[in-house]
Amino acid sequence: TKPWPDLAGRLIPGGHVLPVRIYFVDTDFSGVVYHGSYIRFMERGRSDFVRLLGVAHAGLDAGEHGEQLAFAVHRIHIDFFRPARIDDLVEVTTMVKAVTGARLILTQTVTRDGERLTEAEVTIVLITREGRARRIPDSLREALHDAAVATGVAPA
């Protein structure tokens, strides 16, 4: 058996959900989650989402898709609604909004007991070691397409 099978969260129709416990290191002096911590939580959600789809960062870096590649955030728009606090258990939900030739657009929401705390739209691109953008490989596009179709998104 795989140890800790749920450590990477779980796939859901159209995306992924990752539970995150709030620790002292995630908060400011008042025990409220520091705004930058949400960016880290969302990064974990995106990384575990593609990992569960069968695309590992190490494999991208090793050239499994023809050359060394890496995901990079091109744009992020984030809104904060309610604070999370130390010891809270929150969920980071990552959903595929669109897949184009070279971009992956995701929506990410952090909730606590169903209450929306933070929401972001994140545009991801693939880049080479030299920082040049590349089209999303067909194998990755297919996995993302399958995830997106589950919610009716029609990726390009």
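**Charged pairs and aromatic rings**

D48 and R51 form a salt bridge in which the closest N and O atoms are 2.3 Å apart. The term covers a side-chain nitrogen of Lys or Arg within 4 Å of a carboxyl oxygen of Asp or Glu. The model is predicted, and residues are numbered from 1 along each chain as its sequence is written. Local features need pLDDT of at least 70 and side-chain atom pairs count only at pLDDT 80 or more, while totals for chains, interfaces and linings use all residues; side-chain values use heavy atoms, with hydrogens and water left out.

Both D48 and R51 belong to helix α1, 3 residues apart, about one turn of the helix. Helices are DSSP runs (H or I, at least four residues), as are strands (E, at least two), and they are numbered from the N terminus. D48 counts as buried because its relative accessibility is 11%, whereas R51, at 41%, is partly exposed. Here buried means under 20% relative accessible area, exposed means over 50%, and partly exposed lies in between (1.4 Å probe, protein chains only).

Helix α1, residues 35-52, also holds Y38 and F41, 3 residues apart. These two residues form an edge-to-face aromatic pair, with 6.0 Å from centre to centre and 75° between the planes. A pair of aromatic rings is described by the distance of the centres and the angle of the planes. Rings of Phe, Tyr and Trp (its six-membered ring) pair if their centres lie within 6.5 Å; planes under 30 degrees apart count as stacked, over 60 as edge-to-face and the rest as tilted. Y38 is buried, since its relative accessibility is 3%, and F41 is buried with a relative accessible area of 0%. The whole structure has 2 aromatic pairs, and ring pairs link Y38, F41 and F80 into a cluster.

Another ring, that of F81, has the charged end of R116 over it, 3.7 Å from the ring centre. A charge sits over a ring if NZ of Lys or CZ of Arg is within 6 Å of the ring centre and within 35 degrees of the ring normal.

R116 also meets E119 in a salt bridge, at 3.5 Å from N to O. Both partners are partly exposed: E119 at 29% relative accessibility and R116 at 39%. Salt bridges that share partners join R82, D88, R112 and E115 into one network. E115 is partly exposed at 31%, but R112 is buried at 16%. The count of salt bridges comes to 12.
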